[in-house]
Amino acid sequence: MSAELQERLSTTTLAQWQARQIEKAAHIMAVFVESTPDDKLRWRPMIDENSKTRSIIEQVGECIFANIRFWHVLSGETPPAPPAEFDTFTSIHDATSQLKESARVLAELVRKMDSEALAKDYATHRGPMPGALAMQFPVRNMTYHMGQINMIQLLYGDTEFHIDEEFTTL
């Protein structure tokens, strides 16, 4: 490990680290989404009429909502109700821009959290949880949906793993 990296990591707080992970997850997810052909962004792979699959674009919308929800949770505010539908985008750029912006705003809040805020319990839709756990949920959610997006890409025949430098840097 370089001395520069060692210094940077030794002065990074847990909240700063997690804020960076939130922004990275949104960026990486956007790369996956932007590598999808337009005709596959709203495709829902189905096994039968009982399938409850969601399109790539719907998954982006769900991640934006989760980021907004956790911003409200960590701000001590009541989160909004989920939207009637998660696909209200005018373009792929609109979807990925909103995803990155929701992550940026959430990360800005997380970056400011101190040790007291990390230990404090917050009311969530899954019950009370400490801030240190609540601030992880958006990354976990985006990571889960990245896997879903990659699976959809495999199902339509795209076997390339679409990454950029963010995927392999701290």
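Colleague: How much space lies in the largest pocket?

Modeller: In this predicted model, the largest pocket holds about 200 Å³ of space.

Colleague: What makes up the lining of the largest pocket?

Modeller: The lining residues are Glu-62, Phe-65, Ala-66, Arg-69, Phe-70, His-125, Arg-126, Phe-137, Pro-138, Arg-140 and Asn-141. By class, five are nonpolar, two polar and four charged. Helices H3 and H7 each supply at least two residues of this lining.

Colleague: Which helix gives the most to the lining of the largest pocket?

Modeller: Helix H3 does, with five residues.

Colleague: Why are H3 and H7 called roughly antiparallel?

Modeller: Helix H3 (residues 56-75) and helix H7 (residues 137-155) pack at an angle of about 180 degrees, and their axes are 10 Å apart. Angles over 145 degrees count as roughly antiparallel; H3 and H7 are therefore roughly antiparallel to each other.

Colleague: Which residues make the contact of H3 with H7?

Modeller: From H3 come Ile-56, Gln-59, Glu-62, Cys-63, Ala-66, Asn-67 and Phe-70, while H7 contributes Phe-137, Pro-138, Asn-141, Met-142, His-145, Gln-148, Ile-149 and Ile-152. This contact has nine nonpolar, five polar and one charged residues.

Colleague: How many aromatic pairs are there, and what makes the pair of Phe-70 and Phe-137 stacked?

Modeller: The count comes to five aromatic pairs. For Phe-70 and Phe-137, the centres are 5.6 Å apart and the planes lie at 25 degrees. Rings pair if their centres lie within 6.5 Å, and planes under 30 degrees apart count as stacked, so Phe-70 and Phe-137 form a stacked aromatic pair.

Colleague: How do you know that this pair links distant parts of the chain?

Modeller: Phe-70 is in helix H3 and Phe-137 in helix H7, 67 residues apart.

How values were computed:
Residues are numbered from 1 along each chain as its sequence is written. This is a predicted model: local features need pLDDT of at least 70, side-chain atom pairs count only at pLDDT 80 or more; totals for chains, interfaces and linings use all residues. Side-chain values use heavy atoms; hydrogens and water are left out. Axes are lines fitted to C-alpha atoms, for helices over the stretch in contact, and angles run from 0 to 180 degrees between N-to-C directions. Helices (H or I, at least four residues) and strands (E, at least two) are DSSP runs, numbered from the N terminus. Angles under 35 degrees count as roughly parallel, over 145 as roughly antiparallel, 65 to 115 as roughly perpendicular and the rest as oblique. Contact means heavy atoms within 4.5 Å. Ala, Val, Leu, Ile, Met, Phe, Trp, Tyr, Cys and Pro count as nonpolar, Asp, Glu, Lys and Arg as charged, and the others, Gly among them, as polar. On a 1 Å grid over the protein atoms alone, a cavity is a set of points where a 1.4 Å probe fits but cannot get out, and a pocket is an open set with protein on both sides within 12 Å along at least five of seven lines; lining residues have an atom within 4 Å of a point. Grid points are joined across faces, edges and corners, and a volume is the space filled by probe spheres set on the points. Rings of Phe, Tyr and Trp (its six-membered ring) pair if their centres lie within 6.5 Å; planes under 30 degrees apart count as stacked, over 60 as edge-to-face and the rest as tilted.
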